[in-house]
Amino acid sequence: MKRIVAVWLVAALCVALVGGAVLAEGQDDMPVELELDAPALSDAPETDDAGMDLDLDIAPLDGLQPEPVEAPVSNDPGDGEDVSNKIVVKKYITYEIAGGQATAITADRSLTEANIMDEVNGYPVTAIAPNAFQGFTKLWTVTVPDSVTEIGEAAFDSCTALVSVTLPESLETIGPRAFANCTKLSHFELPEGLSEISEGMFENCQMMWKITLPSTLRVIGENAFNKCLSLKEFTLPQGLREIHESAFELCESMIRVTIPGSVAEIGDKAFKDCRALRNLTLSSGLTTIGNSAFRDCDSIRKVALPSTLEEISPFAFAYCEDLKTVTIPANVETVSYGAFFHCGDLEQVSLKSGVAAIGDFAFAQCKKLLKAEIPQSVTEMGQDVFTVGKASAIDENDMVQLSAPLSQPAKLQIYGRPDTEASDYADRYGIPFVIQKIVATSVTIAEGKSATLYVGHPMQLTAIQKPANAETKVKWTSSSSAVAVSSSGLVTPKRAGKAVITARTENGKKATITIKVIDAKSVKIDQGKSATLKVGQTLQLTATVSPAQVTSKLTWSSGSKKIATVSSTGLVKAVKKGNVTITVKTGNGKKAKIKIKVTN
């Protein structure tokens with residue numbers, strides 16, 4: 001009897017498997033949602049009536065199950081059951097239950113929509129296994145539930161029909177190459193909370209034109225967006241710390257990028273061959289630009305290197321053909337081998353005092369170079385720093401090759417100080433040398449940032465340049481006519497008000513001081529409000545201006561010169577009998593009066 005029951009169980013299992021396979025194959029044509037939950041086999045051996053053991057070895061039928069079942073299928077483990085390595089197939093997706101949680105491990109390869117379940121048989125689905133959907137060429141949409149925290153390596157690699165992915169904010173980790181070679185993905189939004197884009201995550205996603213990056217992002221891994229040929233729109237978040245090798249290499253459509261100040265190092269080849277890149281912003285905080293980091297970015301016209309920069313690696317800006325000018329900041333110790341090799345439109349190079357060395361071929365093949373400013377801090381210059389050849393190349397060993405005849409840029413002049421490495425190099429290679437002034441690196445005003453002056457009391461300002469032997473001239477200007485300043489820095493306060501006085505060196509360094517001017521607030525005549533004089537008598541009037549520090553020009557006037565006159569110094573002379581008012585006025589119009597009675 002037991003043998004008969006066992007046979008019926010085997011038959012039932014085969015029917016279930018065949019039905020599931022048929023429905024799976026026809027899912028594109030039939031809107032049927034299949035849930036395949038095979039019954040669990042008993043662990044107890046089966047025996048026949050005679051007590052003989054029955055060994056049930058059921059061979060799977062080719063093509064009749066979505067994926068190989070690796071362990072006994074558990075439909076609904078009982079409470080307290082130790083669930084370990086149980087396989088469950090639901091809606092064409094296979095899950096493995098282990099350690100109290102489930103992982104999506106594979107699916108029917110004809111699947112077009114992957115809606116990952118949030119739980120299976122009461123166990124939360126927390127992960128998508130490495131390679132789980134790799135190469136599923138019919139899969140076009142994926143939805144990942146909130147329960148999932150991890151997507152494994154290459155989980156959706158080479159899903160060439162994939163166009164839509166919805167990820168939860170619970171996601172903590174996405175493995176290397178998880179979405180690599182998904183060539184139809186056009187846009188992607190990564191959830192907040194994710195801190196790393198791992199190695200090759202979106203490599204060769206050729207149609208992706210937009211990516212939304214989370215504010216929590218800290219690391220962009222090696223080759224993360226390599227060969228994303230259509231990528232245009234993205235903003236690197238503040239707080240990003242690392243951009244690794246080839247992260248955006250061959251992103252040919254990228255037009256602009258701003259590297260936030262939280263990034264200290266840009267990896268080797270990070271933006272190599274981004275040929276449409278025109279607007280590049282490097283923020284203060286950056287210290288290192290890696291080997292070939294912007295090589296072949298031939299649309300960049302200008303780049304401001306931040307003062308925090310310390311290292312420009314070999315070929316960092318090689319073949320940036322549209323670059324016009326470049327200024328190397330003082331903290332850069334060495335301009336490395338071939339750093340600006342073959343920047344065909346480069347016209348001017350300026351190295352700040354502090355740079356110590358220029359490597360071989362650093363500016364070679366820059367045929368349009370007109371001016372190179374080299375400070376006396378440069379004590380080492382390599383071979384062929386500016387040399388131009390008939391043809392040039394970078395060989396497979398990253399070595400510059402120039403073919404004869406060799407020459408120097410036709411209009412190049414080197415600017416520097418005599419008896420320096422720069423002058424020796426110019427002499428050695430036959431380049432015209434121009435003695436350059438020692439220019440100010442900074443300027444300050446000795447009298448400070450602000451001062452208060454009273455009308456009538458000028459002040460001499462002094463500009464202090466660094467270095468002390470700077471030969472640059474200083475120009476003084478005032479922001480208001482209330483305060484005049486001479487070419488030597490003499491400030492003359494004219495009336496009440498404020499003005500900003502600027503000292504600017506001829507090479508653009510500047511310092512400012514704010515001048516506040518106080519004028520007369522009142523005036524009084526010391527002799528009082530009235531006086532009596534006889535015809536022919538005189539009276540010397542004096543006036544006191546407040547505040548006392550103001551020296552104001554005083555103007556005296558008489559109401560009737562026929563009765564009494566007054567001089568410019570306030571001397572009153574009685575002319576004939578009568579009454580007259582004498583007035584004194586300050587430069588800013590404050591007045592005081594005295595009444596004079598003239599008698600016989």
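Two strands count as paired if DSSP finds at least two bridges between them. Strands (E, at least two residues) and helices (H or I, at least four) are DSSP runs, numbered from the N terminus. The structure is a predicted model, in which local features need pLDDT of at least 70, side-chain atom pairs count only at pLDDT 80 or more, and totals for chains, interfaces and linings use all residues. Residues are numbered from 1 along each chain as its sequence is written, and side-chain values use heavy atoms, with hydrogens and water left out.

**Pairing around β31**

- Strand β31 (residues 413-416) runs parallel to strand β27 (residues 371-373), and three bridges join them.
- Within this pairing, Lys371 has Gln413 of β31 as its bridge partner.
- Three bridges also join β31 to strand β32 (residues 433-435), again in parallel.
- Here Tyr415 has Val434 of β32 as its bridge partner.

**β-α-β unit**

- Helix α2 (residues 421-429) forms a right-handed β-α-β unit with β31 and β32.
- A crossover is right-handed if, with the strands pointing away from the viewer, the path from the first strand over the helix to the second runs clockwise.

- Five bridges pair β43 with strand β50 (residues 591-599) in the parallel sense.
- Thr532 stands opposite Lys597 of β50.
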